[in-house]
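Me: I'd like to learn how to read a few features of this model. Please give me the general idea each time, then the case in hand.

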Amino acid sequence: MIYVAKPIVESEEIQAVKEVLKSGMLAEGKVSREFEKKYSEYIGVKYSTVTSNGTTALHTALEAMNIQPGDEVITSPFTFIASANTIAMIGAIPIFVDIDPFTYNIDPELIEAAITPKTKAIMPVHIFGMPADMKQIMEIAEKHDLLVLEDACQAHGAEIGGRKVGSFGDAAAFSFYATKNMMTGEGGMITTNNEELYDNATMVKNHGRGKKGGYSHFQIGYNFRMLDIVSALGIVQLERLPDVIRAQRKNAEEFSKVVNEIDVLTPQKELDGMKSAYHVYAPVLDSDYLTRDDVIDKFRNHDIGARSVYTLPCHKQDTYLNISSWRWAKFVDYPDYSKLQLPNSERIGNQHFQIPSHASINEDERKQILTAIQDIFC
Ligand SMILES: Cc1ncc(COP(=O)(O)O)c(C=O)c1O
């Protein structure tokens, strides 16, 4: 079976982890500082700070931006639920704006209508590694004096006009979960050009400690730190990232040549000047004779681990349908999410399917996937 993800762990990763283990300095320290420095250089920002995962990176960044209970944060409903949940965790209100049906990313044309006096920030998600339209989003944010937090958890190495995602907003959050473009099992990173935001984030993730460490604390914070064992893995994975992106883009390009010829399929669209990282390759099916689940079964019969991911967009998840039971609901006026209709997110949720596009796919496997696409649809 060709699975949708296959983490790359080779002798370099093992050696790097061994060295940290042998050093006896396991917790966040000098290896993490080195990882942050290299990550900042790669993304093209001034500051980065490691966190325990992508969820804690988003959570920390929102707190560091001083988003308050009752504030509204505009985001996409077609995403992993952590994007919305981190907004809700701090008592802020996720406001879901529908997606563009071709890029699957938040539709910038719909954002302004969702802005209210309570709106404080926009959280675009670069879904499946496809950059959101940051030019339009930053223009809207500037016009309405809003902060922007990029959820780049799936988009390490994606670019707009030669510039990496994660360098456009006031801050960005990345995940290094085991299936990501670069991975450390669990792990996360915040990137920013704003020194104050960076300083706040380093306090939020470390029990409100100041730069000098020790036992002086200045605000309530968490333990969202990273291990140096994990950062050592991250440094090696970052070195591999350009090759990984190249391989994923090649796979996507080869698949799309065939997919574009099939009437019932549409691949995710890369807008002009954008370069997706193709963390996920997921076309949309629009057929009278095949259901999405039929298609997934047929791929599996070809030993290809196809699947669908966000079949239920966030506003259709029980979490948001039952928001009145969330602890902040006593203090915060949530919208009635059950009344929300976001047709593009719902349709793409129902009609997309993912096939493996990761960098470990070899020539034979790529052929196997291409043959399966032809067998199923032609
Ligand atoms: C879009 C998006 N946001 C946030 C997260 C959360 O990251 P993590 O799983 O590392 O907490 C993920 C990870 O799957 C994600 O894909």
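Reply: Let's start with histidine 207, which sits in the loop between α7 (195-204) and α8. Helices are DSSP runs of H or I with at least four residues, strands are runs of E with at least two, and both are numbered from the N terminus. Keep in mind that this is a predicted model, where local features need pLDDT of at least 70 and side-chain atom pairs count only at pLDDT 80 or more, while totals for chains, interfaces and linings use all residues. Residues are numbered from 1 along each chain as its sequence is written, and side-chain values use heavy atoms, with hydrogens and water left out.

Me: What is the phi of histidine 207?

Reply: Histidine 207 has a positive phi, about 55 degrees, although it is not a glycine. Aspartate 303 is another non-glycine with a positive phi, this one about 60 degrees. You'll find aspartate 303 in the loop between α9 and α10 (318-321).

Me: Is histidine 207 buried, exposed or partly exposed?

Reply: Buried means under 20% relative accessible area, exposed means over 50%, and partly exposed lies in between (1.4 Å probe, protein chains only). Histidine 207 has a relative accessible area of 37%, so it is partly exposed. Aspartate 303 comes out at 42%, so that residue is partly exposed too.

Me: Which backbone nitrogen does the side chain of serine 287 reach at 3.0 Å?

Reply: Here we need polar contacts: pairs of N or O atoms within 3.5 Å, where within protein one must be able to donate a hydrogen and the other to accept it, and residues adjacent in sequence count only if both atoms are side-chain atoms. The serine 287 side chain reaches the backbone nitrogen of tyrosine 289 at 3.0 Å. That side chain also reaches the backbone nitrogen of leucine 290, at 2.9 Å.

Me: Now serine 345. Which side chain does it join in a polar contact of 2.5 Å?

Reply: That partner is aspartate 98, side chain to side chain. Serine 345 belongs to helix α11 (residues 343-351), and with 0% relative accessibility it counts as buried. Contact in general means heavy atoms within 4.5 Å. Setting aside neighbours within four places in sequence, serine 345 is in contact with Pro77, Phe78, Asp98, Ile99, Pro313 and His315.

Me: What does tyrosine 310 touch?

Reply: Not counting residues up to four places away in sequence, tyrosine 310 touches Phe78, Thr79, Phe80, Ile127, Phe128, Gln154, Gly349 and His352. With glutamine 154 there is a side-chain polar contact of 2.9 Å. The C-alpha atoms of tyrosine 310 and glycine 349 are separated by 5.4 Å, though the two residues are 39 apart along the chain. Tyrosine 310 lies in the loop between α9 and α10 and is buried, at 12% relative accessible area.

Me: On to helix pairs. At what angle do the axes of α1 and α8 cross?

Reply: Two packed helices are described by the angle between their axes and the distance between the axes. Axes are lines fitted to C-alpha atoms, for helices over the stretch in contact, and angles run from 0 to 180 degrees between N-to-C directions. The axes of α1 (residues 11-23) and α8 (residues 228-259) come within 8 Å and cross at roughly 150 degrees. Angles under 35 degrees count as roughly parallel, over 145 as roughly antiparallel, 65 to 115 as roughly perpendicular and the rest as oblique. So α1 and α8 are roughly antiparallel to each other.

Me: Which residues of α1 and α8 meet?

Reply: From α1 you have Glu12, Glu13, Ala16, Val17, Val20 and Leu21, and from α8 you have Asp228, Ile229, Ala232, Leu233, Val236, Gln237 and Arg240. This contact divides into 8 nonpolar, 1 polar and 4 charged residues (Ala, Val, Leu, Ile, Met, Phe, Trp, Tyr, Cys and Pro are nonpolar, Asp, Glu, Lys and Arg charged, and the others, Gly among them, polar).

Me: How do α9 and α12 cross?

Reply: The axes of α9 and α12 (residues 363-377) come within 10 Å and cross at roughly 135 degrees, which makes α9 oblique to α12. Val295, Lys298 and Phe299 of α9 make the contact with Ala372, Ile373, Ile376 and Phe377 of α12. By class, this contact has 6 nonpolar, no polar and 1 charged residues.
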